[in-house]
Amino acid sequence: MKQQLREEQFFMSTEEPDDIFVARTTDEFIYDQHGKRYIDFNAGWCVGNLGWAKKEIRSKVKAAKVPDYIAPGYHYRGWGELAELLASIAPGELRKSVRATGGTEAVEAAMQIAMLYTGRTKFLSIEGSYHGNSIGTLSIGASENREQFTNLLPNCIKIKPPLDDKAAEKVKARLKNKDVAALIMEPVICNLGVMIPEHAFMKSVSALCRQYGTLLVIDEVACGFGRTGKLFACEHFDLEPDILCLAKAITGGFAPLGACMTTKKIASKVVKKGFQFYSTYGWHPLAVEAALANIRYWKKNQAKIFGNVAALSQVFTDGLSQMKFKKGANLRILGLAIGIEVSDAQYADRIQKKSLKKGLLFTTESKTLTLFPPLTMKRAIAKEGLEILESCL
Ligand SMILES: Cc1ncc(COP(=O)(O)O)c(C=O)c1O
């Protein structure tokens, strides 16, 4: 049976996939079954930050002599090692990890911790955002989901962008009743076409959270692990989150794994209150090996990687700002999180489809082209990709 037909018959597909059957991935390239090469300006949407098939990670996963599986109720050498490693790179006072299989679970755990710690049930988040696919995480995401799911959690309040002084005032008005468990947001909102909040906004909301006893939950599932030119995007704003959610690039794409991190103080209170979160496949031994290898690589090579991010970010800024988009474009770029807002969603879609045919991969978010190239991409390849993009405008 033809592959496409088989998928049509047996998959409950929600979105029309891009017309490419992936056969192989390496460095900054994806190859289809006919050997056609695509330049990857997507990196699995912030998963393959170090490029695909990174040999330093792959070799460790392949050589790993680990048990097939460890049930959540046991001790395991790799869990302690990974939790310790995460504590060594996390911002502020974050020392304790909850084991998860991905981003949705990490954010779900964060919501449960915030409810138990504060005894409150309300959440504040950014309108239009995305934090995962469970009922809990959908509830703090875009309100449009409410049209499909009328049973979403009540008491999830949204702050509408732009994230400026006025929005900070609205946050204050919501927090001062002292009934909001957590403010949850991406520090650089990849899911809103790379929206970069104003510094003053982030400073005020973080102070307001402290003032009113609301936990600050920072979702770095997409923007963590170097995407914005810092290991964690919250470092741009000197934030000290109460809870940090990680997934995607934490393993470099070799296996699914998520982590929800919090402080010792918060952890000890919620554990006493009966926090019981666990996940059957949370921190599977192979995924742990991949995360350990990935984070150790980061620790050793951070300066080199960020040097490349800075240089590449300039290549993209220069290349994109001189391109002639129909009716102009608004470029938002921090490190290698890149959003190019064009005149309308149809135009964005046309550019994306044309680029795909010519061997360049990226995604769109409404009328914004979203580019998340590997942080290790070679400059010549970035330029080649930009030339393809320009030829599709
Ligand atoms: C910011 C953010 N949070 C959470 C998630 C959910 O992560 P996962 O798909 O691993 O469950 C995503 C996924 O795209 C995300 O971008």
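Predicted model: local features only at pLDDT ≥ 70, side-chain atom pairs only at ≥ 80, totals over all residues.

I started at I243, whose bridge partner in β10 is T262. Strands here are DSSP runs of E of at least two residues, helices are runs of H or I of at least four residues, and both are numbered from the N terminus. β9 and β10 run antiparallel and are joined by four bridges. I count two strands as paired if DSSP finds at least two bridges between them.

Residues are numbered from 1 along each chain as its sequence is written, and side-chain values use heavy atoms, with hydrogens and water left out.

**β9 and its neighbours.** On the β8 side, I found β8 (residues 215-219) pairing with β9 in the parallel sense over three bridges. There, V217 stands opposite I243. Then I checked the faces of β9: I243 and C245 are buried on one side, and L244 and L246 are buried on the other. Buried means under 20% relative accessible area, exposed over 50%, and partly exposed in between (1.4 Å probe, protein chains only). In a regular strand the side chains alternate between the two faces of the sheet.

**T262.** I looked up its accessibility: T262 counts as buried because its relative value is 3%. Skipping neighbours within four places in sequence, I see T262 in contact with E93, L94, R95, K96, D242, I243 and A267. Contact means heavy atoms within 4.5 Å.

**Helix α4.** What covers the buried residues of α4? The list includes β4 (94-100), β9 (243-246), β10 (258-263) and α11 (285-321). Those buried residues are G78, W79, L82, L85, L86, A87 and I89. I also checked the length: at 1.5 Å a residue, the 13 residues of α4 (77-89) should span 18 Å, and the end C-alpha atoms are 19 Å apart, which agrees. The expected span is 1.5 Å times one less than the number of residues.

**Domains.** The domain assignment gives domain 1 (3-55 + 301-391) and domain 2 (58-297); such bounds come from an automatic or database assignment. I see 32 residues from domain 1 and 27 residues from domain 2 in the contact. The area buried between them is about 2300 Å², with 59% from carbon and sulfur atoms. Buried area is the accessible area (1.4 Å probe) that two parts lose on being put together, summed over both.
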